[in-house]
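Visitor: Could you give me a close look at the nonpolar interior here, and then go on to its surroundings? I would like each term to come with its cut-offs.

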Amino acid sequence: MNETRDPAYARRRRPVRHAVAAATLAGALPLAACAGDSPSALNPAGAGAIRIAGLWWVLFWISMAVFAEVMALLVWALVFRRRHDTRVRHGQPLRFVAVAGAGVPLVILVVVYALGLRDLAALGAAPGRDAPTVEVTGHKWWWEVRVPGVDGATANELHIPVGERVRVRLRTADVLHSFWVPQLMPKTDLIAGEVRETWLHAERPGRYRGQCAEYCGTQHAHMAFQVVAEPRPQFEAWLARLGSPARQPQTDAERRGQQAFVQGTCAGCHAIRGTGADARVGPDLSDVGSRWSIGAGAVPNDAGHLGGWIANPQTVKPGSYMPPQPVDAERLPDLIAYLRSLT
Ligand code: CUA
């Protein structure tokens with residue numbers, strides 16, 4: 001009889017097949033996390049994250065070795081010892097327990113502790129006094145970005161010169177948040193009433209995703225940001241843009257949009273440099289057209305999503321502190337055109 005057609009045989013084999021599938025999936029997941037430009041701590045792109053990834057791999061291979069040792073002992077106990085005399089000579093088990101149960105773990109713990117101390121000291125070392133500084137304030141649920149000595153602000157996006165260490169000064173405007181750029185640096189918590197410091201370093205240009213890593217309420221998941229690492233001249237151009245007035249409207253629609261913004265409810269919470277709108281409740285919108293997303297990673301930044309966001313942010317990011325806007329249906333396209341032009 002063909003055993004693969006036997007239903008009883010198939011039933012017996014099913015758990016084995018499930019186990020193989022689960023093991024394959026478990027094996028593939030870490031590999032997928034390392035692939036391409038995935039925003040994973042195992043795909044490091046800067047000095048801080050490289051240390052963390054190194055420590056991760058050391059711990060991973062130690063765990064693998066311990067796992068293999070335990071499995072080998074288990075097989076030995078189940079197969080080998082059963083076939084032979086199970087009586088052990090006096091003193092043998094005690095020696096074995098002392099070496100495998102205390103000696104080996106002690107060596108592992110001391111080595112891991114020393115490596116941890118080394119990396120902790122390296123990560124805690126402040127960048128030089130002349131290092132560029134960026135100030136980031138966590139809000140429910142977005143990131144305010146400023147540079148000391150520069151007038152303007154932006155949101156959910158900060159720029160750093162590639163290859164340099166940049167000091168990041170962290171504050172929170174409300175509850176605990178945590179600043180985490182997996183590919184560049186481990187987490188730093190933002191604590192009410194304190195100014196925390198960390199640094200960022202990217203060894204190649206690119207956009208690195210950051211994420212709030214401390215649960216802070218309904219929209220914690222939509223509290224993402226980007227770190228843009230770029231050559232020095234581009235970084236300096238960003239600083240200059242941050243300090244200058246927003247782009248002037250060029251078309252009639254943009255002009256009407258600006259008027260609607262300044263005279264309407266928008267200006268009650270937001271700033272656009274050079275327009276008279278200078279409220280600081282919500283994000284500064286002087287460069288909103290160039291940002292990577294709307295709502296700190298909630299939706300892509302395009303005209304359609306922007307219109308939906310203005311009309312009713314609660315459908316896009318429920319719980320967000322921006323209320324629905326009573327914008328005239330005729331004015332909405334103008335407002336969208338104006339905000340899209342702010343690059
Ligand atoms: Cu902010 Cu979670």
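Guide: The largest nonpolar core has 31 residues, and those that touch the most other members are Val-136, Leu-158, Ile-160, Phe-179, Leu-184, Leu-200 and Val-227. A nonpolar core here is a set of buried Ala, Val, Leu, Ile, Met, Phe, Trp, Tyr and Cys residues that are joined through side-chain atoms within 4.5 Å, and buried stands for under 20% relative accessible area, with exposed meaning over 50% and partly exposed the range in between, for a 1.4 Å probe and protein chains only. The model is a predicted one, in which local features need pLDDT of at least 70 and side-chain atom pairs count only at pLDDT 80 or more, whereas totals for chains, interfaces and linings use all residues. Residues are numbered from 1 along each chain as its sequence is written, and side-chain values use heavy atoms, with hydrogens and water left out.

Taking Ile-160 as one entry point, and leaving aside residues up to four places away in sequence, its contacts (heavy atoms within 4.5 Å) are Val-166, Leu-184, Leu-200, Ala-202, Val-227, Val-228, Ala-229, Glu-230 and Phe-235. Another core lies apart from the largest one; it has 20 residues, including Ala-246, Ile-272, Val-299 and Leu-335.

H5 and H8 pack at an angle of about 95 degrees with their axes 7 Å apart, the axes being lines fitted to C-alpha atoms, for helices over the stretch in contact, and the angles running from 0 to 180 degrees between N-to-C directions. H5 and H8 are therefore roughly perpendicular to each other, given that angles of 65 to 115 degrees are classed in this way, while those under 35 count as roughly parallel, those over 145 as roughly antiparallel and the rest as oblique. On the H5 side, Ala-253, Glu-254, Arg-256, Gly-257, Gln-258, Ala-260 and Phe-261 meet Asp-334, Leu-335, Ala-337, Tyr-338, Leu-339 and Ser-341 of H8.

Turning to aromatic rings, a search of the whole structure finds ten aromatic pairs, for which rings of Phe, Tyr and Trp (its six-membered ring) must have their centres within 6.5 Å, with planes under 30 degrees apart counted as stacked, over 60 as edge-to-face and the rest as tilted. With ring centres 4.8 Å apart and planes at 85 degrees, Trp-56 and Trp-57 form an edge-to-face pair, and both are partly exposed, Trp-56 at a relative accessible area of 37% and Trp-57 at 31%. Phe-60 and Trp-61 also pair edge-to-face, at 5.0 Å centre to centre and 75 degrees between the planes; Phe-60 is partly exposed at 27% relative accessibility, but Trp-61 is exposed at 53%. Together, Trp-56, Trp-57, Phe-60 and Trp-61 make up one aromatic cluster.

Charges over rings form a further group, defined by NZ of Lys or CZ of Arg lying within 6 Å of the ring centre and within 35 degrees of the ring normal. Arg-165 sits over the face of Trp-199, 4.0 Å from the ring centre, and Lys-187 sits over the face of Trp-180, 4.6 Å from the ring centre.

Thr-137 belongs to strand E1 (residues 133–139), is buried at a relative accessible area of 16% and, not counting residues up to four places away in sequence, touches Trp-142, Trp-143, Glu-144, Arg-171, Thr-172 and Ala-173. The peptide bond from Lys-140 to Trp-141 is cis, with omega near 0 degrees, and Trp-141 is placed in the loop between E1 and strand E2 (142–146). Asn-156, although not a glycine, has a positive phi of about 60 degrees; this residue lies in the loop between strand E3 (153–155) and strand E4 (157–161) and is buried at 8% relative accessibility. Ala-296, likewise not a glycine, has a positive phi of about 55 degrees, lies in the loop between strand E11 (293–294) and strand E12 (299–300), and is buried at 0%.

Terms used. Helices (H or I, at least four residues) and strands (E, at least two) are DSSP runs, numbered from the N terminus.
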